[in-house]
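Dear colleague,

I am passing a structure on to you, and below it I have written out what was found, so that you can follow each point with the model open beside you. Please take your time with it and look up each residue as you read.

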Amino acid sequence: MAQQDPVSTSLSDGLLLVTISNPPVNALSSGVRVGLLRAVELAGADASVRAVVIGSEGRTFIAGADISEFGKPPVPPGLSEV
C-alpha cells in the first residue's frame, strides 16, 4: 500500500492551506520537511496566493523531530532550508 503524502495543500480564494498529517504526533520527518518546502515554493510561484496557513491533523502541531531519523545521516531538506 502506498504511503500518503504527509503534507497536503489546498488553495481557495487566495488562501493556501497547508495541512500536516504525520501521525501520531506530526513529527518533523524528512517527508514533512519536503512537503513544507514544496508548499512554500508553490506559494512563492503562484501570484494568486495571498496568505498561507499551516495547520495539522490531530491534536499535536509538530511535536518535534522524527526520532526514527536519529543516528542516521541527515536527509535533506534541512529545517533551515524549509
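A salt bridge, in the sense used here, is a side-chain nitrogen of Lys or Arg that lies within 4 Å of a carboxyl oxygen of Asp or Glu. Please keep in mind that this is a predicted model. The structure holds one such salt bridge, and the partners are Glu 69 and Arg 33, whose side chains meet at 3.3 Å, N to O. Because Glu 69 lies in the segment after E3 while Arg 33 belongs to helix H1, the pair ties together parts that are 36 residues apart in sequence. Arg 33 is buried, with a relative accessible area of 9%, whereas Glu 69, at 23%, counts as partly exposed.

The largest core is made up of ten residues, namely Val 7, Leu 16, Val 18, Ile 20, Leu 28, Val 32, Leu 36, Ala 39, Ala 43 and Val 49. Strand E2 (15–20) and helix H1 (30–45) each supply at least two residues of this core, and H1 gives the most, with four. One member, Val 49, is in contact with Leu 11, Gly 14, Leu 16 and Ala 43, if its neighbours within four places in sequence are left aside.

The buried residues of H1 are Ser 30, Val 32, Arg 33, Gly 35, Leu 36, Ala 39 and Ala 43, and what covers them includes the strands E1 (7–12), E2 and E3.

On the surface, Leu 15, Leu 17 and Val 53 form a nonpolar patch with about 210 Å² of accessible area together. Val 53, which has its place in strand E3 (residues 51–56), is partly exposed, with a relative accessible area of 38%.

Finally, some details of the backbone. A cis peptide bond, with omega about 10°, joins Pro 23 and Pro 24, and Pro 24 is found in the loop between E2 and H1. In that loop lies Asn 26, a residue other than glycine whose phi is positive, near 55°, and which is buried, with a relative accessible area of 3%. Asp 13, in the loop between E1 and E2, has a positive phi near 50°, and at 82% relative accessibility Asp 13 counts as exposed.

With best wishes

Terms used:
Residues are numbered from 1 along each chain as its sequence is written. This is a predicted model: local features need pLDDT of at least 70, side-chain atom pairs count only at pLDDT 80 or more; totals for chains, interfaces and linings use all residues. Side-chain values use heavy atoms; hydrogens and water are left out. A nonpolar core is a set of buried Ala, Val, Leu, Ile, Met, Phe, Trp, Tyr and Cys residues joined through side-chain atoms within 4.5 Å. Buried means under 20% relative accessible area, exposed over 50%, partly exposed in between (1.4 Å probe, protein chains only). Contact means heavy atoms within 4.5 Å. Patches are made of residues with over 30% relative accessible area and no salt bridge: like charges are joined within 9 Å, nonpolar side chains (Val, Leu, Ile, Met, Phe, Trp, Tyr) within 5 Å. Accessible areas come from the Shrake-Rupley method with a 1.4 Å probe; for residues, only the protein chains shown count as cover.
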